[in-house]
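Student: Could you walk me through the spaces and helix packing in this protein?
Tutor: Gladly, let's take a look together.

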Amino acid sequence: MTAAVDPLKALREQIDDLDSQLVDLLTKRLAVTRQVGEVKSRIGMPIYVPVREAELIEKRRAEAEARGLSPALIEDLLRRIMRESYQSQHQRYRCFHPELGKAVVIGGAGALGSVFVEMLQISGYQVEILEQPDWPRAGEIFNGAGLVLVSVPLNLTEQIISQLGNLPEDCLLADITSTKSGPLDAMLKVHKGPVVGLHPMFGPDVSSLVKQVVVVCHGRQQEKYQWLLEQMKSWGVLLYESTAREHDDAMAFIQVMRHFSSFVYGAHLAGENPNLEQLIQFSSPIYRLELAMVGRLFAQSPDLYADIIFNNPDNIQLLKRFRQRFDDALALLEQGDKGSFIKEFFHIGQWFGDFAKKSLVESKKLLLKADDDRS
């Protein structure tokens, strides 16, 4: 069909023009959000203000509905635009403790440690990194330190902490490892000053700390490290407080069971050796996402996941109980006992309660985005 008789040509040109206008508007909006970020950094406001975001989305949804547009469409667009806006504001932050002195990050050249090095630097702190070759001059490095942050492999954490007995008395000692009881006890034992245990629930590949979770396990002299908590809030971090024991118990379910299950799933796939590309092509978005979560595990450091899984001997009994429940469910299948399976299904659904329905809604949103990415 020639352009002269193409009935869609004029309409497509209108769409192209409108799309260009959208690009111009987004460029202008991004310029304004950069200015917002500069103001926030001066006065110490966090990048992420939940109330402001919720109000903005609610207003735009109402406007969309009044004009006959899908509120869900507008919300999706706004959330994606705001995520980019938060990233554009990731330039500079107010320093909450300008008299701190040095911040020393042990393992600061590592993946997660480097994230905190960057965040502290763009918040105006003098940061020094201590790696293994630097230990002969550790005394010099720690001299004048107001914060020492331990970011080393989990299996080395307590050993490294045991070497920190000569820190300045007022220096804040903190760690960012994935278990808390052992490291926190070790820090409290070796250092008489302020101590706090932190667990960032994100990896080094995050583009922004906005809405990322950090679990805080209080140690000693909270008033002397409140500045660090406020500093992380200014980065957009969501802080959740917990005891070290509660944290470790929760991580057994959140991390250990999930990672171990993914490991076994991956091992089973590798052992059965199906055509992986065909599995991906045949999968609907929900199954591709599940497969991606398994594949993601094996793109990362095996040492990291081995440390998490092997760290606590109590994990073995938890995983054995998990295996027993798998075997119990398999027995129902072998016996052809569909009725008992359905009864158990309902029982589990009642335990999840409203979260199950909420998960259904939230997963639908994720699946729509996953569908958009498929070519």
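Student: How much space lies in the second largest pocket?
Tutor: First, a note on the source: this is a predicted model, in which local features need pLDDT of at least 70, side-chain atom pairs count only at pLDDT 80 or more, and totals for chains, interfaces and linings use all residues. Residues are numbered from 1 along each chain as its sequence is written, and side-chain values use heavy atoms, with hydrogens and water left out. On a 1 Å grid over the protein atoms alone, a pocket is an open set of points with protein on both sides within 12 Å along at least five of seven lines, while a cavity is a set where a 1.4 Å probe fits but cannot get out; lining residues have an atom within 4 Å of a point. With points joined across faces, edges and corners, and volume taken as the space filled by probe spheres set on them, the second largest pocket holds about 1200 Å³.

Student: Which residues are the closest to the centre of that second largest pocket?
Tutor: Two or more lining residues come from each of α9, α13 (314-335), α14 (338-352) and α15 (354-372); helices (H or I, at least four residues) and strands (E, at least two) are DSSP runs numbered from the N terminus. Of the 22 lining residues, the closest to the centre are F322, R325, E344, I348 and F352.

Student: How do the residues of the second largest cavity's lining divide by class?
Tutor: This cavity, of about 50 Å³, is lined by F116, L120, L147, L149, L198, L228, M232 and W235. Ala, Val, Leu, Ile, Met, Phe, Trp, Tyr, Cys and Pro count as nonpolar, Asp, Glu, Lys and Arg as charged, and the others, Gly among them, as polar. The lining therefore divides into 8 nonpolar, no polar and no charged residues.

Student: Which helix gives the largest share of the lining of the largest cavity?
Tutor: The largest cavity has a volume of about 60 Å³. Among its 11 lining residues, K40, S41, M45, R92 and Y93 lie nearest the centre. The largest share, 3 residues, comes from helix α1 (residues 9-43).

Student: Are α9 and α11 roughly parallel or roughly perpendicular?
Tutor: The axes of α9 (residues 244-272) and α11 (residues 285-297) come within 9 Å and cross at roughly 95°; axes are lines fitted to C-alpha atoms, for helices over the stretch in contact, with angles from 0 to 180 degrees between N-to-C directions. Angles under 35 degrees count as roughly parallel, over 145 as roughly antiparallel, 65 to 115 as roughly perpendicular and the rest as oblique. So α9 and α11 are roughly perpendicular.
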